[in-house]
2 protein chains.
Amino acid sequence: MPSEDPPGSFVSGPLLLHEAALFTDLYELTMAAVYFRRHMHEPATFSLFVRRLPPDRAFLIAAGLEDVLEFLRTFRFSQQAIARLRSLSRFQSDFLDFLENLSFTGDVHAMAEGTVLFADEPLLEVTAPMIEAQIMETALINFCHCQMLITSKAVRSVIAARGRPIAEFGLRRTPGTDAGMKSARSAFIAGCELTSNVLAGTEWAIPLTGTMAHSYVTAFPREADAFDAFAESFPDSTVLLLDSYDTIAAARKAVDVARRLAAQGHRLAGVRLDSGDLVTLSRKVRDILDAAGFSDVQVVVSGGLDELAVEQLLSAGAPIDAFGIGTRLNVSADAPYLDMVYKLVSYAGRDVLKLSEGKETWVGSKAVYRRRGSDGRFEGDLLALRDEPVPDGFEKSLLEPVMRAGHLLRPHPPLSQIREHSAAQVASLPEELKKLRAAGEYPVRISGGLRGRQERAKEETERTERA
Amino acid sequence: MPSEDPPGSFVSGPLLLHEAALFTDLYELTMAAVYFRRHMHEPATFSLFVRRLPPDRAFLIAAGLEDVLEFLRTFRFSQQAIARLRSLSRFQSDFLDFLENLSFTGDVHAMAEGTVLFADEPLLEVTAPMIEAQIMETALINFCHCQMLITSKAVRSVIAARGRPIAEFGLRRTPGTDAGMKSARSAFIAGCELTSNVLAGTEWAIPLTGTMAHSYVTAFPREADAFDAFAESFPDSTVLLLDSYDTIAAARKAVDVARRLAAQGHRLAGVRLDSGDLVTLSRKVRDILDAAGFSDVQVVVSGGLDELAVEQLLSAGAPIDAFGIGTRLNVSADAPYLDMVYKLVSYAGRDVLKLSEGKETWVGSKAVYRRRGSDGRFEGDLLALRDEPVPDGFEKSLLEPVMRAGHLLRPHPPLSQIREHSAAQVASLPEELKKLRAAGEYPVRISGGLRGRQERAKEETERTERA
């Protein structure tokens, strides 16, 4: 057992470092082998972006950059990795020797984590010698896709909860261990206040929450015994789970516990409802607590919730103080993937694009400019070429240099700062875009410069391919 | 950088071993703290099962057991883990000392990976001193949920493809790194033949596939140059991607490549279509290849496919030899989670259950018996108490002892064996259950013994709680 983590392995994975370079699709390496054979080492620029927003999403939140940069910064093919590739008998020795000496020496422009973005806007652009830029594709999409998916889902619950705290509860049904960790981080960025995930909570200082499951209550001969035992051990942080047998009867037992705790100078923190008609039950339980003088005991609900359920509960006036939201948030159940791609947009100074139906992408290194109205709200974006000047009335490009020649240009911002940035960004969105259903469309225009370059690249490609 | 993996860390995660015990919900530990305070160390039995099948699923395939057993076998709270828990200021020192000396000493009964199972049937049951059994909940569900979800999704594409090979292509959009690895393994168990995931392929000897992306084609000034360069480097394994510009024109260039390769004693392996009307394009491309005498060049299709698309393509008579299926398979897009739970079914010799609406679970340690008809097909299952004898006409229980007192009872079966077992299981299913839509329901009966025990436990619980 190692005495400590290999540096970087946790955040970028938790892949083990010496395996990380093999976390890729085989075609990245077969393409690289041909580039190597043909001496194609000129600079290439790739854009990472989402082609189309999923249904009922009018915006996304950027996430995953820290993992991307740590991956690029530490990228190496270890000897073990080379040995595995050699065992495939597909690659020639000189290419494998080349890989063994490869590191990432390129530049990255990126949006800060927590930034609001829209379809076609690059989250990041990588410029590097062709092979270095190409073979990062799989990992970079994997890191950003997962975290943007969950951040962009979780913010919907935060919006629906209208200021009430949300605890991310979904670790058990998040696909795999890494997504479990990234879910806790992503949900926190999006504005969730707590997580049940002990490893994530202690890793990133995300406040932890959790008290008891039904198994706990049923392990005791009597529910009241289970409640008492918990309050004895955790007199200041007990949240009693009420629905193991009869929620209303359990609420009365909760009052008994609250009285005993109060007599000892403590306070019952809350009660939790995890099944049944949550509108009716939360009202009845609230009434029972209030009637006994415990209006400060919180009512927490959970159990298969998502943002639509949260909105319905609050619209119905259910007296709920906090939500525990798990599975459907962590798997982004209504939209379980993003159409995220990493596309070559220039190589060796030539703009490139494919012409596949419905999949045309914008060429060249780009900038994303954003304009605010007099109320401070976002009014519209402009997708432009990076070398176009900042247009009048717009802020500087959201795509900023973050890595040069393989070196980080600044330390990673702390998670709290990313979370604040995300909250400020979401607060600046037009209200229309924050609706959970049938969301409006934010205006993203294309600059004249970019449009011209795109047309020229298209004409050139069509001319060459027709020849 | 470590010179090799810590043992077990890859398969069980790839969480790093010393962190693994913290991969849990906080409430597992708060409950444990109370059990510790109250000296509740009697044996508990927990059942891991799926409460309801998702829409359009008539069966599931068991997966994840190897990870579960490795996790339990190596389970320890490291000193670093204890230090993190201490930093929360929630737990008393004597409890943390207890955790630091804890390992898993219990028994596990489980279904072999690859076994077909249904709602309410335990995938596994854990019997151990209460704390040991309780705190495994989060990790055990996480490991099995992810792998069963993907295995049970992937088999639908295997069925739809009617014997044509499927390559799992979804690494980039699988949530996180661990799910990326587990997806490759799960898809292979389900009958997919290839993966694009280099790390998974080299880890588990899953055949790898992958040739070129659109970025590769567009990096060359002319598509024909891109094709030639690839064929030169990989003369026996080239699959040309045809849809970067004009699929039909590209098919004619593929014929040129095939001719040159043939003249050198090689063979063009295939062509790939990734966009457009795949029925029409596959026919036209097949015709072009056949007319040139290259009927042995395979037509591979990909691009946002799932099992329904595969079925439609083949029903329309599209001449497709192989499929590349990614995102929608790996996230199980139509059913992105399972209602999988880990429920306490007995403690200290007492059957326990909760009475929450719609969430009643079967008490006690159980057996799952299956009966085959004269044609060898599965006819029906019987969920029974473990100590009931095997009923006439049924095979021995699918839940077999796999761990005793914390020790493995047998080595993990090789992946190839799990895959063969899964194929045999699926072949034994009634055809009705293998339909992609509106699937039938498989009969799972409850034994008289179990029903009686359940009724007694319910009466006892109601009597106690009413008292």
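Guide: Let us start with one pair of residues: Val108(A) stands opposite Val126(A), which belongs to E5(A). Please keep in mind as we go that this is a predicted model.

Strand E3 of chain A, residues 107-110, pairs with E5(A) in the antiparallel sense, over 4 bridges. There is another neighbour to meet, strand E1 of chain A, which covers residues 43-50. E1(A) and E5(A) are also antiparallel, and 6 bridges join them. Here Phe46(A) is the residue that stands opposite Val126(A) in E5(A). So what holds such partners together? Strands of a sheet pair through backbone hydrogen bonds, and the pairing can be parallel or antiparallel.

Chain A has 16 helices and 18 strands, and its C-alpha trace spans about 85 × 60 × 35 Å along the principal axes. Take the contacts in chain A between residues at least 6 apart in sequence: 73% of them join residues at least 24 apart.

The chain is divided into two domains: domain 1 takes 17-150 + 335-466, and domain 2 takes 152-330. Where they touch, domain 1 of chain A gives 19 residues and domain 2 of chain A gives 22. On the domain 1 side, strand E2 (60-61), helix H6 (137-160) and helix H15 (415-427) of chain A each supply at least two residues. H15(A) gives the most to that side, with 6 residues. Sorted by class, this side of domain 1 has 12 nonpolar, 3 polar and 4 charged residues.

For another sheet to set beside our strand, look at the open one in chain A formed by 6 strands in the order E7-E6-E11-E10-E9-E8, where the pairing is parallel. Strand E7 (194-195) and strand E8 (239-241) of chain A stand at its edges; each has a single partner strand, so one side of each is left without a neighbour in the sheet. The partner of E8(A) that we can follow is strand E9 of chain A, residues 270-273, paired with E8(A) in the parallel sense over 3 bridges. Within this pair, Val239(A) stands opposite Gly270(A) in E9(A). In a regular strand the side chains alternate between the two faces of the sheet. Both faces of E9(A) are covered: Gly270(A) and Arg272(A) are buried on one side, and Val271(A) and Leu273(A) are buried on the other.

Chain B can be laid on chain A by a turn of 180 degrees with a shift of 0.0 Å along the axis, giving an RMSD of 0.0 Å. That is the relation of a two-fold axis. In chain B, the C-alpha nearest the axis belongs to Asp178(B), 2.7 Å from it. The two copies use the same surface, since 100% of the contact residues of chain B recur in chain A.

How many residues does each chain bring to the contact? Chain B brings 98 residues and chain A brings 98 residues. Helix H2 of chain B, residues 26-37, gives the most to the chain B side, with 8 residues. One residue of that helix is Ala33(B). Ala33(B) has 22 C-beta neighbours inside 10 Å, so it counts as buried. Leaving out residues up to four places away in sequence, Ala33(B) touches Ser233(A), Phe91(B) and Phe95(B).

Finally, how confident is the predictor? Chain A averages a pLDDT of 94, and 95% of the residues score at least 70. Over residues 1-14 of chain A, though, the pLDDT is below 50. The model scores ipTM 0.95 and pTM 0.96.

How values were computed:
Residues are numbered from 1 along each chain as its sequence is written. Chains are lettered from A and ligands numbered from 1 in the order in which they are written. This is a predicted model: local features need pLDDT of at least 70, side-chain atom pairs count only at pLDDT 80 or more; totals for chains, interfaces and linings use all residues. Copies are superposed by least squares on the C-alpha atoms of residues with pLDDT of at least 70 in both. Two residues are in contact if their C-beta atoms, placed from the backbone, lie within 7 Å. Domain bounds come from an automatic or database domain assignment. Ala, Val, Leu, Ile, Met, Phe, Trp, Tyr, Cys and Pro count as nonpolar, Asp, Glu, Lys and Arg as charged, and the others, Gly among them, as polar. Two strands pair if DSSP finds at least two bridges between them. pLDDT is the predictor's confidence in each residue, from 0 to 100. A residue is buried if 20 or more other C-beta atoms lie within 10 Å of its own, exposed if 12 or fewer, and partly exposed in between; C-beta atoms are placed from the backbone.
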